[in-house]
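Student: Could we work through this model together, taking one topic at a time?

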Amino acid sequence: YAISADASYKLIEQKSHEKNYDDTISGVEHFLKKYAKSDRLGDALTLAGAAAMDSHQDQLAMKYFTRLIQDVPNSKSVKDALNARAHLAESNYLLGDAARDYRAYMKLQGKTDSSLAKKILALIWVDGDWTAMKAALDAKELCNDDTAEECERYAALGTLAAGTAHELATP
């Protein structure tokens, strides 16, 4: 089983290197049916996600990256899958989803990235989810010395927005 799965994966990998996206994706689909329990599952899902992304099949790429994140959470490719999925979500205006994936990506990176933290805060703000924004403003990985100015600005804007909403609702 393992040798056969490895051989199948190597053929798919070759198609990927040739930038033959359709054959890469169909090869992975076959692989998933036959070798779903293989140690190469994460690698195959990574190839499929990248091929789908490179061929502008965003929903298909999301499917493969989501399966990788859920089914093979210890894969070395999960961090990159989160980042790719965040980019796809952002480009499709799913800003809350993008913020969550960027946050998970940053956590797996193991270090604070102030420019990414600022981007996450902006995505949450534009998405309009005040509950998520409050949670983000309380998160040390997002609001720290490097991002204090942005966090204070979003907190003030949130207070103003909440006050305006209350005034509009009051006759």
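Tutor: Buried means under 20% relative accessible area, exposed means over 50%, and partly exposed lies in between, with a 1.4 Å probe and protein chains only. This is a predicted model, in which local features need pLDDT of at least 70 and side-chain atom pairs count only at pLDDT 80 or more, while totals for chains, interfaces and linings use all residues. Residues are numbered from 1 along each chain as its sequence is written, and side-chain values use heavy atoms, with hydrogens and water left out.

Student: Is Asp-43 buried or exposed, and what is its relative accessible area?

Tutor: Asp-43 belongs to helix H3, residues 41–54, where helices are DSSP runs (H or I, at least four residues) numbered from the N terminus. Leaving out residues up to four places away in sequence, Asp-43 touches Tyr-9 and Lys-76, contact being heavy atoms within 4.5 Å. Asp-43 counts as buried because its relative accessible area is 16%.

Student: Which residues touch the most other members of the largest nonpolar core?

Tutor: A nonpolar core is a set of buried Ala, Val, Leu, Ile, Met, Phe, Trp, Tyr and Cys residues joined through side-chain atoms within 4.5 Å. Ile-120, apart from its neighbours within four places in sequence, is in contact with Ala-99, Tyr-102, Arg-103, Met-106 and Leu-142. Among the 49 residues of the largest core, those touching the most other members are Tyr-64, Ile-120, Leu-121 and Leu-142.

Student: At what angle do helices H4 and H5 pack, and how far apart are their axes?

Tutor: Two packed helices are described by the angle between their axes and the distance between the axes. Here the axes are lines fitted to C-alpha atoms over the stretch in contact, and angles run from 0 to 180 degrees between N-to-C directions. Helix H4 (residues 58–71) and helix H5 (residues 78–91) pack at about 145°, and their axes are 9 Å apart.

Student: Where does Lys-19 lie, and what is its phi?

Tutor: Most residues other than glycine have a negative phi. Lys-19 sits in the loop between helix H1 (2–17) and helix H2 (21–34), and it is exposed because its relative accessibility is 56%. Although Lys-19 is not a glycine, its phi is positive, at about 60°.

Student: Over which residues does pLDDT stay under 50?

Tutor: pLDDT is the predictor's confidence in each residue, from 0 to 100, and the chain has a mean of 91, with 95% of its residues at 70 or more. Where pLDDT is low, the predicted coordinates should not be read in detail. The stretch with pLDDT under 50, for which the model has 0 contacts beyond four places in sequence, is residues 165–170.

Technical notes
Helices (H or I, at least four residues) and strands (E, at least two) are DSSP runs, numbered from the N terminus.
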